[in-house]
Amino acid sequence: MTEERFAFLVAELEPADVPRIAYRTADHTLVQVWHFEAPAEITLRFRGRLTPPALLEITEVSPRPPVRAETLLSAEGTTLGLAASALPAGARITIDAAGADSAGWRLEDGGAAITLAVRRAVELEVAATLEGGPRADSPASPRAGSAPSAVRRSAPLWPDDARVFAPTRHRDALARIADGALRYVTGCALLRVAPGEACLLTDHRLLPLSWTRDAYYQALLLLAAAGPGHPEIVADHLRWLFGRCRREGGVWQRSHLANGEPKDLAYQADQQLFPVLELLDFHQATGSWPALPGTGTEVPVAAWGRLVDAVWRALPIAPSGLVRTDENPADDPSSLPHSLSVQILAWYVVRRLAGVATELGLDGAGLSDTAETIRDATERELTAPGPHGAQWAYEADGRGATRLYADANDVPTALAPAWGFCSAEDPVWRATMRFAFDEANPAYRPGPWGGLGSLHTPGTWPLGDAQEWLFAGATGDRERAGRALDRLTGVASSDGLLPEAYDPRTGAWTARHWFAWPAALVGALAVSALGR
């Protein structure tokens with residue numbers, strides 16, 4: 001389904017009784033069922049439009065031109081049609097009410113209305129169908145070498161599961177977050193754009209775009225939860241990433257539309273690495289490689305090796321061995337070109353690649369050497385004095401300049417011991433993380449609900465709370481873990497979702513009510529802590 005086809009149907013139906021609502025994935029239909037007692041005369045009115053969703057919370061680095069789509073309504077009996085010539089999509093609203101008499105839809109200024117005379121108690125079904133996208137039951141792309149129907153879990157996705165723990169008082173709430181994240185990822189963030197291809201959006205309403213970073217954690221949750229159909233979703237997403245996404249200069253851009261076209265044209269190094277890590281996680285979890293994008297006949301594993309090699313060759317690596325980035329994971333311009341979390345992520349991806357290098361046709365020895373070069377350069381170029389002793393800087397330029405800062409978006413820094421970049425006892429890593437949760441860090445927000453946030457969006461961030469949970473688990477600090485989980489579970493909505501940021505004084509949400517990344521990360525951690 002292209003970005004244009006992911007259009008919102010905005011409707012107002014009267015009377016304002018509370019209906020039962022269901023969604024039929026097979027034909028992209030939202031069904032409302034209303035119960036009415038007889039005798040009654042009911043009028044339902046529709047006012048709405050077909051249009052691509054507005055990008056409501058984003059810095060318009062590369063603004064999209066207006067679509068200027070005009071919605072045209074047509075009425076035929078109890079079916080109301082919506083069309084817009086500027087969009088490859090349409091919709092229809094159908095009324096089904098056995099036991100009620102009606103002359104059908106009638107067009108009126110700004111919308112349409114239908115009146116029904118109810119002679120006996122009736123179940124009124126209002127079905128809104130979005131047309132133009134692929135059906136859920138459409139044939140998939142070739143599945144040779146694709147995922148089995150269940151995750152094998154040949155090795156834990158989190159390398160050190162025992163360090164992620166949850167006090168008894170938080171277990172039910174964490175399970176609710178994990179369940180809510182899975183429902184959101186599979187029910188709202190997932191878009192099947194073509195047979196055998198799926199996009200994972202960062203949220204369905206405010207930012208219906210895809211970041212490879214955000215999508216990685218959604219895919220990780222699916223593999224960790226290991227539910228029926230989950231590995232197939234990840235395989236479809238990998239084909240979308242490596243096949244449909246148009247990569248300017250061979251690299252993924254800051255964000256992409258659901259049809260694979262770049263949206264925000266900006267280079268972030270970590271977003272080149274997360275798709276490779278997702279591929280490696282898929283292989284580790286299932287014991288297989290997904291089918292290739294498109295209909296090629298090459299041996300999948302060899303072709304995947306070439307795709308991965310192309311990603312690595314497109315990375316800008318300094319003579320020191322450090323990977324350069326133009327923007328940090330907060331989508332802000334880098335102050336200095338070499339980000340700590342990018343180096344940790346690059347080291348981890350290269351080490352993981354070395355383990356399957358022979359299978360992928362890559363140079364395993366060369367990858368191992370590259371990994372050690374990255375770690376040596378990180379320790380040499382990014383170590384700096386801090387308030388808690390020597391720590392890693394947030395950024396460095398490779399010529400002696402460093403910047404002390406920590407951001408909620410930089411999850412790889414908190415994962416460094418779990419990934420094996422350092423030990424949990426490493427004094428430099430501990431000082432780095434202590435600084436993150438200290439008022440000396442400009443992104444830390446004090447208060448009753450205070451914690452690690454980001455200069456990108458003021459407030460405490462659930463991603464920062466997740467980092468503190470990881471830090472506490474790695475260091476065995478159960479009191480700190482409890483405080484972090486008090487905040488996480490305290491700000492979670494009733495359906496388990498988490499915001500981008502919340503007020504450090506009150507805990508009230510301040511940004512992004514639908515945000516797949518934090519719920520997916522916490523959900524994956526919860527799976528590790530609670531077990532499946």
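Helix 9 is followed by glycine 420, whose phi is positive, near 90°. Helices (H or I, at least four residues) and strands (E, at least two) are taken here as DSSP runs, numbered from the N terminus. The model is predicted, so that local features need pLDDT of at least 70 and side-chain atom pairs count only at pLDDT 80 or more, whereas totals for chains, interfaces and linings use all residues. Residues are numbered from 1 along each chain as its sequence is written, and side-chain values use heavy atoms, with hydrogens and water left out.

Helix 9 itself spans residues 411–419 and is mostly covered, with 8 of its 9 residues buried. A residue is termed buried under 20% relative accessible area, exposed over 50%, and partly exposed in between (1.4 Å probe, protein chains only). The buried residues of helix 9 are Val411, Pro412, Thr413, Ala414, Leu415, Ala416, Pro417 and Trp419. These buried residues pack against helix 2, helix 4 (270–286), helix 6, helix 10 (427–436), helix 11 (462–475) and helix 13 (516–530), where contact means heavy atoms within 4.5 Å.

Among these neighbours, helix 11 has an axis that comes within 9 Å of the axis of helix 9, and the two cross at roughly 20°. Helix 9 is therefore roughly parallel to helix 11. Axes are lines fitted to C-alpha atoms, for helices over the stretch in contact, and angles run from 0 to 180 degrees between N-to-C directions. Angles under 35 degrees count as roughly parallel, over 145 as roughly antiparallel, 65 to 115 as roughly perpendicular, and the rest as oblique. The crossing of helix 9 and helix 11 is left-handed; a crossing has this hand if the near helix is turned anticlockwise from the far one by less than a right angle, and is right-handed if clockwise. Val411, Ala414 and Leu415 of helix 9 make the contact with Leu463, Gln467 and Leu470 of helix 11. By class, the residues of this contact divide into 5 nonpolar, 1 polar and no charged. In this classification Ala, Val, Leu, Ile, Met, Phe, Trp, Tyr, Cys and Pro count as nonpolar, Asp, Glu, Lys and Arg as charged, and the others, Gly among them, as polar.

A second pair is formed by helix 6 (residues 340–355) and helix 8 (residues 364–382), which pack at an angle of about 160° with their axes 8 Å apart. Helix 6 and helix 8 are therefore roughly antiparallel to each other, and their crossing is left-handed. On the side of helix 6, the residues that meet helix 8 include Leu340, Trp347 and Val350, while those of helix 8 include Leu367, Ile374 and Leu382. The contact of helix 6 with helix 8 comprises 10 nonpolar, 5 polar and 3 charged residues. Aspartate 369 also lies in helix 8 and is exposed, with a relative accessible area of 53%.

Helix 2 (residues 212–225) and helix 3 (residues 230–244) have axes that come within 8 Å and cross at roughly 155°. This makes helix 2 roughly antiparallel to helix 3, and the crossing is again described as left-handed. Thr212, Ala215, Ala219, Leu222, Leu223 and Ala225 in helix 2 meet His230, Pro231, Ile233, Val234, His237 and Leu241 in helix 3. The residues of this contact are 9 nonpolar and 3 polar, with no charged residues. Alanine 225, in helix 2, is buried at 17% relative accessibility. Its C-alpha is separated by 7.3 Å from that of alanine 524, which is 299 residues away along the chain.

Most residues other than glycine have a negative phi. Alanine 226, in the loop between helix 2 and helix 3, has a positive phi near 60° and is buried, with a relative accessible area of 18%. Aspartate 331 likewise has a positive phi, of about 70°, although it is not a glycine. This aspartate 331 is found in the loop between helix 5 (300–313) and strand 17 (338–339) and counts as buried at 15% relative accessibility.

With a disulfide defined as a pair of cysteine sulfur atoms within 2.5 Å, the count comes to 0 disulfides. The sulfur of cysteine 199 is 7.2 Å from the closest cysteine sulfur, in cysteine 245, which is too far for a bond. Cysteine 199 is buried at 0% relative accessibility, and cysteine 422 is buried at 12%.
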